[in-house]
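Subject: A structure for you to look at

Hello,

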Amino acid sequence: MLEVEGLTKYYPSGVIRKQYAKAVDGVSFKIGKGKTLGLVGESGCGKTTIGRLILRLIEPTAGKVLFDGIDLLALKRKELRAIRSRMQMIFQDPDSSLDPRMKIGTSIAEPLKLQGATPKDKIGQKILELVETVGLHPEHINRYPYQLSGGQNQRVVLARILAMNPDLIIADEPTSSLDVSVQAQILNLMMDLQSTFGHTYLFITHDLDVVRIMADHIAVMYLGRIVEIGKTHDIFNGAKHPYTHALLSAAMMEPAAGQRERVILKGETPGPTDIPAGCRFHTRCIRREEICMLKDPETVEVGDGHYVACHFV
Amino acid sequence: MAQHNNQFMDVIERFKESRSVTIGATIIVLFCLLAIFAPQLSPNNPTKACLDDRLISPFTEFRYPLGTDHLGRCFLSRLLYGTRISLMVGITVVSISATVGIILGVVSGYYGGLPDALIMRLVDATLAFPSIFLAVAIAGILGQGLVSVMIALVVVDWTKYARVVRGSVLSLKEKEFIESARSLGATDLHIMARHILPNIVAPIIVVATLGMAYVILSAAALSFLGFGPQPPTPEWGVMLNAGRVYMRTEPHLTILPGLAIMAMVLAFNLLGDGLRDILDPKRSVIE
């Protein structure tokens, strides 16, 4: 379905000496049709950039994005616009994802009109259908986004996306600006929609609890690179990378298998302009040895579809 | 529709609360009525000279409520018709320069890069001259007349709109609903017309209202200097200049057109300032 290979985005920085901020540095993963990949990592690790790179809202520096075998990065503007309808994105802040001057109904009608597949006299009916599918009331159609709550607005965003009938949905922290109870509603809605329409999700979040419910596979990112990727069960029960251990222990979940020791990382995350030599995690790693400072670890397969980038696996 | 009415009433309610908006709007409406009904309200033909009735003081003769000028023309009628000219110049110049400025500003802010650099350097070059000086030069080249005054003012005035619009577009462009429209497959034109323009209306209204005051004042100034319409056109700046000679003996010939200009400029400034307070902090898209 979606295959990403060596995706890279460098931002030039530095005035006198040419430097690069390596926001995304050689990321590869695959998502099967109808599956969900959870992309987790702390803020600033490049996970949001990946979503935008795949949709080419930002142009990548290098790499390949194959969508159903089509190389997205080789497409021209026009071809890209045609295929974009099959990939949609949900943004973090529902309130700024909707045009404040557009009524909800107009917002939902927009994708229908842009696509042009729905006859004009059917648009009104289609809007009602969509509004119902995402659990809103018909009376919301004539409201403005500022008159709705964050959760309701996120439902409107979902209705707009459903109007496009996409195959792939990239959700960038879709629930992190919502209340916990509303979060659960939106996540449930997204899972229902997935089982009805067979969407493929790339779920970008920093919230491990969310990803555990939603995702079939999990990719853990650190400073622009995936350090561990595998099935959700394998990551939660058999994490191999020290960074994944630290993330899991910080998430304060009920201990899944016995007592899990608490791993507390020291120091700050280095910025993307000065990524440490060798293993990029070595400055904060509790298992650091000399080799970590010299050599960037290869990504090795440790189990069925479970890959880790660490010298000690 | 009920929701929309509420929102509309909401805005009206806030207009009423602001004193400067109320006063400014009232004066402007009054001026508009005077301009529209000038033919009905004027007691005499504003351009007809009557040399027997030269330099009559105000409130002395019933036929000429505000007296006459040095050629015996009814001063009240001239002032009323002058309202027409000032408002007409203001509206024309503001709408043309706003249209030009909005288009160039949106293009500049939305596309960035080379178009942005070119347009903004053009703005800088225009602003490098003192604006009234540039207008004098242009009016001088084009010759006297109301049209050349308006062209001169447009050449200077559009830069304001271009700058304000560009700034608003720059901050708007980063909003997620613009990206979302793009990922829905919307064309640039669709995004600019349907998403960007409706969201920059508020700052444009403020700039246009304040711009009216500036344009009316500048037009009067250029006319006073002799670049504008020629006598017998009843333009306030021209009247001011003609009355200058008689300032000692018949001060009403300078004071009255001066007061008219001041009242109109003040009204637009009050309205513009009030609108800025109402529209900018709460309703603005740039929160």
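Below is what turned up, going from the domains to the sheet, then to one helix, and ending with the contact between the chains. Please keep in mind that this is a predicted model.

Let me begin with the domains of chain A. Domain 1 is made of residues 2-86 + 168-177 + 196-309, and domain 2 covers 95-165. Their centres, taken over C-alpha atoms, are 31 Å apart. Where the two touch, four residues of domain 1 of chain A meet five residues of domain 2 of chain A. On the domain 1 side of that contact there are two nonpolar and two polar residues, with no charged ones.

Next comes a sheet in chain A. Eight strands form an open sheet with mixed pairing, in the order β6-β7-β8-β3-β9-β10-β12-β11. The edges are taken by β6 and β11 (299-303) of chain A; each has a single partner strand, so one side of each has no neighbour in the sheet. On average, neighbouring strands in this sheet are turned by 20° against each other, direction ignored.

Within that order, have a look at β9(A) and β10(A). These two strands run antiparallel and are joined by six bridges. If you want a pair to find on screen, Ala219(A) has Ile229(A) in β10(A) as its bridge partner.

Now to a helix that goes with these strands. Helix α10 of chain A, residues 242-250, lies across β3, β9 and β10 of chain A and runs at about 105° to β9(A). Which of the residues of α10 of chain A are buried? They are Pro242(A), Tyr243(A), Thr244(A), Ala246(A) and Leu247(A). These buried residues pack against the strands β3 (36-40), β9 (217-222) and β10 (225-231), and also against the helices α8 (208-214) and α9 (232-238), of chain A.

Finally, the two chains. Chain A gives 23 residues to the contact and chain B gives 16 residues. On the side of chain A that touches chain B, the elements giving two or more residues are α2 (77-84), β6 (87-90), α3 (94-97) and α4 (104-115). The largest share, three residues, comes from α4(A). Sorted by class, this side of chain A has ten nonpolar, six polar and seven charged residues.

Enjoy exploring, and do write back with any questions.

Best wishes

How values were computed: Residues are numbered from 1 along each chain as its sequence is written. Chains are lettered from A and ligands numbered from 1 in the order in which they are written. This is a predicted model: local features need pLDDT of at least 70, side-chain atom pairs count only at pLDDT 80 or more; totals for chains, interfaces and linings use all residues. Two residues are in contact if their C-beta atoms, placed from the backbone, lie within 7 Å. Helices (H or I, at least four residues) and strands (E, at least two) are DSSP runs, numbered from the N terminus. Ala, Val, Leu, Ile, Met, Phe, Trp, Tyr, Cys and Pro count as nonpolar, Asp, Glu, Lys and Arg as charged, and the others, Gly among them, as polar. A residue is buried if 20 or more other C-beta atoms lie within 10 Å of its own, exposed if 12 or fewer, and partly exposed in between; C-beta atoms are placed from the backbone. Domain bounds come from an automatic or database domain assignment. Two strands pair if DSSP finds at least two bridges between them. Axes are lines fitted to C-alpha atoms, for helices over the stretch in contact, and angles run from 0 to 180 degrees between N-to-C directions.
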